[in-house]
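Dear colleague,

I am handing over the structure below, and I would be grateful if you could look through it before reading my notes. The notes follow directly after it.

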Amino acid sequence: MSSTAPPVLPISNAQPAAAGGPGAVMSEAPANNPAFRAFINHLSASLRHGLDQRRPWAELADRSAFSKPESFSEATLRVRKNFSYFRINYYAVVSLILAISLLTNPFSLVLLAGLLASWTFLYLFRPSDQPLVILGRTFSDFETLAILSALTVFVVFLTSVGSVLISALMLGVAAVCLHGAFRVPEDLFLDEQDASQTTGFLSFLRGPAAAAAAVPTVAARV
């Protein structure tokens with residue numbers, strides 16, 4: 001009796017869903033995007049570097065250094081000198097006022113967070129060779145940009161987000177100008193400011209460009 005070979009069972013390798021398949025949005029999570037990670041690292045490093053340059057808060061609130069300016073020109077000069085010296089502290093004060101305004105308006109906070117997340121994950125850090133697919137509908141870069149722009153106009157100008165942000169910024173600027181006008185800057189050492197103007201608290205604004213240039217797999221967007 002001849003022996004028969006056992007039957008060979010077919011083996012199929014599961015293939016990942018195509019980028020343009022129904023229900024697929026992106027095959028790679030945005031948080032795993034190298035450009036996004038580089039941007040977050042650069043942002044956190046810039047924030048730490050900026051906060052390290054802040055002046056002592058006791059010096060900012062020194063009551064003995066406050067006096068009424070004699071003229072509007074003197075008040076303007078004081079604001080310029082104090083802003084040059086307490087730049088980081090003033091940014092922190094304005095940021096705190098913005099945060100409090102948004103926390104006391106949770107609806108505006110949710111809308112703004114959703115808008116920023118949409119721009120970040122659906123356009124800025126989405127690989128250019130990976131189309132955006134939602135519910136089986138493929139959106140081009142131009143369509144995605146148009147939709148996000150329209151959404152931004154709606155959220156900022158047709159909801160409470162715009163009024164909350166503008167009110168908080170106006171209050172922050174008023175607080176900074178009021179402190180700068182009444183704080184006497186004669187005891188401040190301003191000679192070191194020229195060397196530190198190129199690297200400041202807002203240097204992270206160059207982060208997206210630096211991150212995109214550091215990662216060649218992500219194409220630049222217009």
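What percentage of the 222 residues in the chain is made up of buried residues? Buried residues make up 29% of them, where buried means under 20% relative accessible area, exposed means over 50%, and partly exposed lies in between, with a 1.4 Å probe and protein chains only.

Please keep in mind that this is a predicted model, in which local features need pLDDT of at least 70 and side-chain atom pairs count only at pLDDT 80 or more, whereas totals for chains, interfaces and linings use all residues. Residues are numbered from 1 along each chain as its sequence is written, and side-chain values use heavy atoms, with hydrogens and water left out.

Overall layout

The chain has 8 helices and 2 strands, and from the N terminus on its elements run α-α-α-α-α-β-β-α-α-α; helices (H or I, at least four residues) and strands (E, at least two) are DSSP runs numbered from the N terminus. Among contacts between residues at least 6 apart in sequence, 81% join residues at least 24 apart, a contact being heavy atoms within 4.5 Å.

An unreviewed UniProt entry places the feature "transmembrane region" at residues 85–103 and 145–176; the positions are given in the numbering used here, feature names are shortened, and such annotations may be inferred rather than shown by experiment. In the model, residues 85–103 are 95% helix and 0% strand, with their end C-alpha atoms 29 Å apart, while residues 145–176 are 94% helix and 0% strand, with their end C-alpha atoms 36 Å apart.

Helix packing around H7

The axes of helix H3 (residues 72–85) and helix H7 (residues 160–182) come within 7 Å and cross at roughly 105 degrees, where axes are lines fitted to C-alpha atoms, for helices over the stretch in contact, and angles run from 0 to 180 degrees between N-to-C directions. That makes H3 roughly perpendicular to H7, on a scale in which angles under 35 degrees count as roughly parallel, over 145 as roughly antiparallel, 65 to 115 as roughly perpendicular and the rest as oblique. On the H3 side the contact involves Ala75, Arg78, Val79 and Asn82, which meet Cys177, His179, Gly180, Ala181 and Phe182 in H7. These residues of the H3 and H7 contact divide into 5 nonpolar, 3 polar and 1 charged, with Ala, Val, Leu, Ile, Met, Phe, Trp, Tyr, Cys and Pro counted as nonpolar, Asp, Glu, Lys and Arg as charged, and the others, Gly among them, as polar.

The axes of H5 and H7 come within 9 Å and cross at roughly 100 degrees, which makes H5 roughly perpendicular to H7. Here Phe107, Ser108, Leu111 and Leu112 of H5 make the contact with Ser160, Val161, Val164 and Leu165 of H7, and the residues of this contact divide into 6 nonpolar, 2 polar and no charged.

Cores and individual residues

The largest nonpolar core has 7 residues in all, namely Leu60, Tyr85, Phe86, Tyr90, Val94, Val176 and Leu188; such a core is a set of buried Ala, Val, Leu, Ile, Met, Phe, Trp, Tyr and Cys residues joined through side-chain atoms within 4.5 Å. Leaving aside neighbours within four places in sequence, Val94 is in contact with Leu169, Gly172 and Val176. A second, separate core of 6 residues includes Leu112, Leu115, Val155 and Val161.

Asn89 lies in helix H4 (residues 87–103) and is buried, with a relative accessible area of 0%. Not counting residues up to four places away in sequence, Asn89 touches Arg54, Arg55, Trp57 and Leu60. Of these, Trp57 lies in helix H2 (residues 57–60) and counts as partly exposed at 42% relative accessibility; with the neighbours within four places again left aside, Trp57 is in contact with Asn89, Ala92 and Val93.

Thr120, in helix H5 (residues 106–124), counts as buried at 19% relative accessibility, and beyond its neighbours within four places in sequence it is in contact with Phe36, Phe125 and Arg126.

Finally, Leu135 has a positive phi of about 55 degrees although it is not a glycine. Leu135 sits in the loop between strand S1 (132–134) and strand S2 (137–139), and at 83% relative accessibility it counts as exposed.

With kind regards
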